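Please examine the sequence and the model first.

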Amino acid sequence: MPDAISLLKTRRSVKPIELTGPAPSAAEIETLLTVASRVPDHGKLTPWRFILFEDRGREIIGDTIAEAFKADRPDATEDQIAFERGRLARAPLVIAVVSRAAPHVKIPEWEQMLSAGAAAMNLVTAAHALGYAANWITEWYAYDPRVMKAM
């Protein structure tokens, strides 16, 4: 397993501005999602889901993010709004990992959240293994119900 250890020792997050194309191919995306789903999952609940934002999809959700930002910040400048609109357009592909942790008779919610975190970690590690840069980013809009509803 020295190759696996070398891979793990070299994985680093890359700044969003440095996440340039090309994006992974469809076959590579399938590999990424397969690897991301191979995590501890007590009770086989699959307490997470993946949402892909590619091409125009990054701009569409960017409009939702910008609208939520403007609603909360009526004094925001056009530059600030444009920055918020472009958040998901910084990378050629964005894969959101959404925790679906919920009350369960046997499996605590914290364990389900850890499973979602493990899925995110496998995702960035698999991206590195395929030769892509990646970053695990959680920003304000990930907790905004207006944005989450649009996803």
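**Terms and their grounds**

Q: Where does Pro22 lie?
A: Pro22 is in the loop between helix H1 (2-10) and helix H2 (26-36). Helices here are DSSP runs of H or I with at least four residues, and strands are runs of E with at least two, numbered from the N terminus. The model is predicted: local features need pLDDT of at least 70 and side-chain atom pairs count only at pLDDT 80 or more, whereas totals for chains, interfaces and linings use all residues. Residues are numbered from 1 along each chain as its sequence is written, and side-chain values use heavy atoms, without hydrogens and water.

Q: What is the peptide bond from Gly21 to Pro22, cis or trans?
A: This bond is cis, with omega near 5 degrees. Most peptide bonds are trans.

Q: Why is Asp55 called exposed?
A: The relative accessible area of Asp55, in helix H3 (residues 55-72), is 57%. Exposed means over 50%, buried under 20% and partly exposed in between (1.4 Å probe, protein chains only), so Asp55 is exposed. Asp55 also has a positive phi of about 45 degrees, although it is not a glycine.

Q: Why does Leu114 count as exposed?
A: Leu114, in helix H5 (residues 109-129), has 56% relative accessibility, so it counts as exposed. Together with Trp110 and Met113, Leu114 forms a nonpolar patch on the surface, with about 370 Å² of accessible area in total (Shrake-Rupley method, 1.4 Å probe).

Q: Which residues line the largest cavity?
A: The lining comprises Asp41, His42, Pro47, Ile107, Glu111, Gln112 and Ser115. A cavity is a set of points on a 1 Å grid where a 1.4 Å probe fits but cannot get out, and lining residues have an atom within 4 Å of a point. The volume of the largest cavity is about 30 Å³. Its lining has 2 nonpolar, 3 polar and 2 charged residues.

Q: What volume does the largest pocket have?
A: The volume is about 1,100 Å³. A pocket is an open set of points with protein on both sides within 12 Å along at least five of seven lines. Of its 41 lining residues, the closest to the centre are Ile95, Ala96, Val97, Asn135 and Ile137.

Methods. Patch = residues over 30% accessible without salt bridge, like charges linked within 9 Å, V, L, I, M, F, W, Y side chains within 5 Å. Salt bridge = Lys/Arg side-chain N within 4 Å of Asp/Glu carboxyl O. Points joined across faces, edges and corners; volume = space filled by probe spheres on them. Nonpolar A, V, L, I, M, F, W, Y, C, P; charged D, E, K, R; others polar.
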